[in-house]
Amino acid sequence: MEDIIKIDRLFKAFGEVKAVQDLSFRVKTGELFAFLGVNGAGKSTTINILCGQLSKDGGKVEIDGTDLDKNVNKIKGILGVVFQDSVLDKALSVYDNLQSRAALYDITGERFQKRLAELSQLLDFGNLLKRPVGKLSGGQRRRIDIARALLHSPKILVLDEPTTGLDPQTRKLLWNVISRLRQEESMTVFLTTHYMEEAAEADYVVILDSGKIAAEGTPLELKNTYTGDFVTLYGVDELAVKDLGVAYTALRDAFRLQVSNTAQATELIVKHPHIFTDYEITKGKMDDVFLNVTGKKLEGGGGNAENLD
Amino acid sequence: MLKILIKRNVKLFFKDKGMFLTALITPAILLVLYATFLGNVYRDSFTMNLPETVKLPEKLLDGLVGGQLISSLLAVSCVTVAFCSNFLMVQDKAIGTIKDLRISPVKASTLSLSYYIAALISTLLICLVATGLCLGYLAATGWYLSVSDVLYLLLDVVLLVLFGTALSSVINLFLSSQGQISAVGTIVSSGYGFICGAYMPISSFSPGLQKVISFLPGTYGTALTRNHAMRGALAEMETEGIPAKLIEELKDALDCNLYFFEKQVRLPAMYGILVATIIILIAVYILLNQFQNKRSR
């Protein structure tokens with residue numbers, strides 16, 4: 001797979017505040033790329049630079065083979081962005097909103113009608129076309145935001161915390177649509193989220209802390225590097241668990257042992273087969289990765305971070 | 001693309017009741033002032049200095065007061081409505097919609113032009129309807145206008161709308177928050193009526209203030225509408241036997257005659273000032289846009 005986004009040594013400062021420092025990463029075509037970090041970590045600054053909304057102080061950004069400094073309009077034409085907060089015109093109908101935004105990409109007349117029909121079917125909003133955007137529910141509005149971002153069939157879809165505050169049904173619909181677009185159109189998805197279960201589905205994850213990359217890799221690589229494995233042991237008494245000599249947490253009907261990796265878990269099981277009669281081994285979660293990497297906890301959906309240092 | 005963006009902007013202005021009603025505050029204040037006391041004050045001032053032998057017909061007095069009312073109303077509305085309709089460009093910045101527009105490959109100049117043309121269309125629509133209503137009012141109270149007066153009045157309204165839109169485009173370019181919209185909206189709505197001579201004739205201000213106001217191009221717009229809205233009624237006064245000298249004095253008092261450092265400014269010069277100001281303001285708006293675009297890059 002080719003790199004569709006190449007960022008090399010990106011710098012951006014606002015006065016004394018260094019928002020992004022020496023940031024370099026790659027995003028491959030068609031992958032789901034998760035960009036994680038607490039508020040103020042530099043995610044939005046990076047996205048704004050990628051989208052041509054903010055000038056950079058240094059570094060190079062290349063998207064789909066085009067240098068951002070040389071042809072920002074070409075790049076804008078291949079990016080679709082779903083903002084954290086809906087920025088459509090609340091007083092206008094869904095139809096008027098989409099029509100005016102499609103015109104920005106020279107999609108008018110029959111081309112617009114055709115694309116509108118495709119998107120209203122994909123996102124199931126045909127019955128909302130005449131309603132003012134301001135009178136839609138949060139979930140309905142999000143579907144229209146996504147339709148707006150997809151109007152020009154972008155190669156890259158930037159999702160800035162797209163599911164924050166959404167009900168589970170709309171979240172599911174949204175992810176189904178995104179999966180379908182990735183499969184059928186090889187669309188690259190650049191995601192920022194506070195939901196770690198969404199980040200766990202990503203092909204590649206970059207964790208940003210204070211404007212720098214704190215960790216990167218596939219979710220599996222990150223889990224293997226930054227968290228251990230967990231063995232949940234059933235049907236034993238605490239004394240036996242204590243004798244194993246590993247850290248554990250007592251659950252309602254089991255004990256959760258923390259081991260550094262799967263090899264250590266295997267070693268324990270082989271050594272104490274009489275204790276390990278009913279058990280399961282699980283990897284650490286992305287929440288644990290984030291916590292271990294940054295020392296901070298991402299609050300799901302709320303957008304706030306709690307510093308655990 | 002430009003057409004659809006203009007359509008969006010015009011629709012948003014008319015759907016936003018807050019912006020639309022704010023635009024009508026100044027004309028509403030003016031109507032209340034005339035209905036409560038200004039009408040009577042002017043009516044008395046028209047008759048006070050007349051020779052005892054002359055008695056003007058009621059219809060002519062109504063025509064004079066009505067002419068003054070509609071000229072003030074139109075002069076002030078063309079500018080205040082333009083400001084309010086042009087606030088959309090600020091509101092887009094304040095609520096973040098501009099991000100959604102600028103994320104696309106649309107040229108910044110196209111966006112700026114769409115705001116300008118949309119504000120022009122919205123303001124023209126409102127002001128031409130207002131002109132129609134004003135002429136209807138004059139027809140019902142005292143009609144002394146010729147066809148050329150009406151055509152000139154329409155030209156004045158169009159020029160004042162162009163002036164108001166250009167001026168508001170330049171000022172609004174520097175605003176970016178709802179608070180600034182409220183502040184500028186309040187200042188323009190309450191202040192413009194005074195400085196353009198709509199609430200009180202400029203001739204009633206102190207000489208120093210009159211000199212300052214003579215530098216403001218909007219003043220000449222008010223004078224143009226006043227000349228064309230009152231010409232017929234003033235001519236009828238002459239027919240009724242009022243001495244020409246007295247009518248000239250009345251024209252001075254009503255701001256039909258304006259003076260720039262004691263020198264009378266004739267109507268063609270007033271048009272010249274207004275047109276030149278419009279051209280300069282549009283040029284400044286284009287230059288400011290180019291400067292801002294370069295800076296953001």
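Trainee: Among contacts in chain A between residues at least 6 apart in sequence, what percentage join residues at least 24 apart?

Mentor: The model is a predicted one, and in it 66% of those contacts in chain A join residues at least 24 apart in sequence. Chain A has 11 helices and 16 strands, and buried residues make up 52% of its 309 residues.

Trainee: What makes Arg26(A) and Asp3(A) a salt bridge?

Mentor: The cut-off is a side-chain nitrogen of Lys or Arg within 4 Å of a carboxyl oxygen of Asp or Glu, and the closest N and O atoms of Arg26(A) and Asp3(A) are 3.7 Å apart, so the pair qualifies under that rule. Arg26(A) lies in strand E2 (residues 17–28) and Asp3(A) in strand E1 (residues 3–14) of chain A, so the pair ties together parts that are 23 residues apart in sequence.

Trainee: Which other residue forms a salt bridge with Arg26(A)?

Mentor: Asp8(A) does, with closest N and O atoms 3.1 Å apart; this pair also links strand E2 to strand E1 of chain A, its residues being 18 apart.

Trainee: Why is Arg26(A) called partly exposed?

Mentor: Buried means under 20% relative accessible area and exposed means over 50%; because Arg26(A) has 32% relative accessibility, Arg26(A) counts as partly exposed. Asp3(A), with 25%, is partly exposed, and Asp8(A), with 29%, is partly exposed too.

Trainee: Why is the pair of Ser146(B) and Ser148(B) called a polar contact?

Mentor: A polar contact asks for a pair of N or O atoms within 3.5 Å, and the side chains of Ser146(B) and Ser148(B) are joined at 3.1 Å. Ser146(B) sits in the loop between helix H7 (108–141) and helix H8 (147–172) of chain B, and Ser146(B) counts as partly exposed because its relative accessibility is 26%.

Trainee: How much area do chain A and chain B bury between them, and how many salt bridges are counted there?

Mentor: They bury about 2200 Å², 61% of it on carbon and sulfur atoms, and in chain A the residues that lose the most area to chain B are Phe83(A), Val87(A) and Leu104(A), together 26% of what that side buries. The count between the two chains is four salt bridges.

Trainee: What makes Arg101(A) and Asp100(B) one salt bridge pair?

Mentor: Their closest N and O atoms are 2.7 Å apart, to be set against the limit of within 4 Å. Both residues also belong to a network of salt bridges that includes Asp89(A), Arg148(A), Arg8(B) and Asp92(B).

Methods:
Residues numbered from 1 in each chain as written. Chains lettered and ligands numbered in written order. Predicted model: local features only at pLDDT ≥ 70, side-chain atom pairs only at ≥ 80, totals over all residues. Heavy atoms only, no water. Buried area = accessible area lost by both parts, 1.4 Å probe. Helix = DSSP H or I, 4+ residues; strand = E, 2+ residues; numbered from the N terminus. Buried < 20%, exposed > 50% of the residue type's maximum accessible area, 1.4 Å probe, protein only. Contact = heavy atoms within 4.5 Å. Polar contact = N/O pair within 3.5 Å; in protein donor to acceptor, adjacent residues only side chain to side chain.
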